[in-house]
Structures are given as C-alpha cells and as structure tokens.
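Work through the exercises below with the sequence and the coordinates open, and try each task before reading its solution.

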Amino acid sequence: MTINVDFRRGSVDSFIASGGTPSYSSDGVTFSVSRPGEAPQLSSLFYIMFGRVEVTMKAAPGAGIVSSLVLLSDTLDEIDFEWLGADDSEVQTNYFSKGQTTTYNRGQFNPAPNNQGEFITYIIDWTPQRIQWYVGGTLVRTLGYDEAEGQFPQTPMQVKFGAWSGGDSATNPPGTVEWARGPTDYSRGPFSMVVRGAVVTDYSTGKSYTYGDNSGTWQSIRSEGGKVYGNSGGAGGITVTASAAPVATDVSPTVPVGGIGQGDTATQTGWPWEPTGTDGGRGGQGAIPEGWRITPDGKLRPVGGSTVSE
C-alpha cells in the first residue's frame with residue numbers, strides 16, 4: 001500500500017519518536033538539536049520491501065549538525081540522504097549492505113541548493129534492479145544492482161528521519177566531527193530540521209516479511225500472504241518529473257571509520273540511535289499489533305475500524 005502522512009496535522013502512530021521529542025506545528029514536524037545528546041527522530045513502525053519514500057522537508061543549519069533520512073534493515077542494509085548543516089547547497093547520498101564498513105567509497109555529494117531555506121521533496125526509489133535518489137524533481141543519482149559489487153541493499157527496511165550533532169566533540173570521535181564539518185557551537189542553536197510530509201509506497205504485498213535463510217538476498221525474503229515485489233506496478237509512480245542528473249562529487253574513500261560508524265550505532269553513517277527494544281527488531285520497532293492495520297494517512301486502526309482520520 002501507500003501511506004501519505006501530512007505532519008502539519010500532527011503526529012501519527014505509525015511513526016515512533018526517540019532520541020528527543022519532535023514538535024508539531026502548521027509547518028510540520030520539527031526536530032531540534034539544542035544541547036549535547038539531543039537527537040530527535042521518527043522511525044516507522046512498519047517495514048517496506050523495495051519501495052519509494054518521498055519526504056518534503058527543510059534541512060537543519062549549523063556546523064556539525066546533520067539531518068538524516070535513512071532506510072535501514074535489521075541486517076544493516078541501508079540507503080541514505082544526509083544533509084550537513086555547514087553547507088545548504090548539497091546533500092550526501094549513500095548506501096551500505098549488511099553493515100559492511102571496511103570501505104567508504106559509496107557516498108556522493110549531490111546538488112541540493114537552498115535546502116535549509118525552502119521545502120524540497122526528496123525521493124529514494126528502490127527496486128531489485130536499482131536505487132534512484134531525486135532532489136526536487138531532479139534525478140541526481142542511480143545505482144544499478146551490478147554497480148554495487150555485491151553490496152546492494154535488498155532486505156526489509158524501516159524508514160527513519162531526524163537530526164543530530166555529528167560535530168559534538170565531547171561525544172563523537174574526531175573523524176565524525178570532521179565528516180560533519182564541526183565542531184558544533186550549541187550557543188548558536190537550536191538547530192532545526194522540519195518535515196512537512198512523507199509518502200511511503202511498499203513495492204511488495206502481504207502481511208509481514210521474514211528471512212528464509214542467512215544469505216541476505218532479496219530472493220530469500222518471504223512475504224506472508226503476499227509476494228515480494230508484488231506491487232511492482234507502483235514503481236512507476238514517481239510524483240515529480242525527473243530530469244538529467246547533474247555531475248556529483250564523490251566522497252573520499254579515506255573517510256575514517258569513526259566518521260561513519262561509531263561502534264553499535266543504529267546506522268553506518270554515524271547517527272547515534274541504538275536498539276532499545278526486546279521484540280527482536282532493532283529499537284523494538286517494526287511490529288504492527290495483531291488485529292490492527294495502517295490507514296492511508298498513516299494512522300493505526302483495529303481491523304474493521306473506521307478509515308476516517310481523527
């Protein structure tokens with residue numbers, strides 16, 4: 001299915017807050033960083049298995065401040081957008097597979113002008129054949145399956161977005177601070193990322209996803225009551241008009257390990273949320289209660305309950 005969440009109308013229970021408390025207003029949901037350790041985010045209760053994620057947002061300003069949109073699986077497959085607050089003209093696109101962090105030559109910096117001053121729609125479109133990243137109607141990057149050299153993300157993903165301080169020299173290693181273009185000066189804060197809305201389409205069908213074996217291939221993923229990539233017709237539904245991709249700037253493969261992955265972080269790009277749950281999923285998130293479903297506007301409702309938003 002597709003859900004379309006307008007955060008200007010308030011919170012929805014299909015996305016769970018952690019790392020701080022996001023605030024809601026007529027602009028949408030705001031993730032503010034004003035002191036060390038503050039890292040508010042929203043994480044989807046659900047998973048998608050191939051799909052499209054569209055987020056309309058303003059990135060947070062500030063040296064060392066990082067705004068992140070991440071698709072993340074339980075086996076540490078990952079697809080990212082990350083905005084560094086020190087530069088409002090570009091966005092970093094990246095991917096990882098199975099937590100493999102021995103090299104850091106996958107990232108690119110792509111044009112995203114005025115990303116702190118205006119709402120821009122960013123899209124990650126993920127199929128078995130390729131991943132595409134869009135910025136405000138422009139296709140800025142395409143990664144083919146074969147181009148990933150065995151590191152193509154292909155397991156069920158949660159959707160996470162929020163802001164954090166990579167430039168906090170008191171809590172992060174020097175490599176992270178350097179990558180985030182810090183250090184962070186909290187006296188200039190608060191530093192805020194604002195998300196107006198999110199549209200998420202799952203390209204598979206069914207009730208839940210399980211791993212058929214330890215291979216980590218998409219062919220090993222099982223869908224209860226449906227089919228992996230069974231909603232492939234939804235893959236033609238990009239809501240903006242794509243244009244030719246501009247030339248991207250590659251990220252140096254010599255970025256230190258500390259600048260991307262910090263021990264047991266929740267992603268390979270350094271943001272600090274750790275698993276806290278006990279239900280077998282990362283962070284305890286990703287299980288729709290039995291007898292409940294998600295409505296098209298992102299609300300949880302009992303099966304047979306009203307589909308009208310409240």
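The exercises that follow treat nonpolar cores and then salt bridges.

This is a predicted model, in which local features need pLDDT of at least 70 and side-chain atom pairs count only at pLDDT 80 or more, while totals for chains, interfaces and linings use all residues. Residues are numbered from 1 along each chain as its sequence is written, and side-chain values use heavy atoms, with hydrogens and water left out.

**Exercise 1.** Identify the residues with the most contacts inside the largest nonpolar core.

*Solution.* A nonpolar core is a set of buried Ala, Val, Leu, Ile, Met, Phe, Trp, Tyr and Cys residues joined through side-chain atoms within 4.5 Å, where buried means under 20% relative accessible area, exposed over 50% and partly exposed in between, for a 1.4 Å probe and protein chains only. The largest such core holds 58 residues, and Phe 7, Phe 15, Trp 126 and Phe 161 have the most contacts inside it. A second, separate core has seven residues, including Trp 164 and Val 66.

**Exercise 2.** Characterise the salt bridge between Lys 98 and Asp 77.

*Solution.* A salt bridge requires a side-chain nitrogen of Lys or Arg within 4 Å of a carboxyl oxygen of Asp or Glu. For Lys 98 and Asp 77 the N to O distance is 2.9 Å. The pair links distant parts of the chain, 21 residues apart, with Lys 98 in the loop between strands E9 and E10 and Asp 77 in the loop between strands E7 and E8. Lys 98 is partly exposed at 33%, whereas Asp 77 is buried at 0% relative accessible area.

Definitions and conventions
Helix = DSSP H or I, 4+ residues; strand = E, 2+ residues; numbered from the N terminus.
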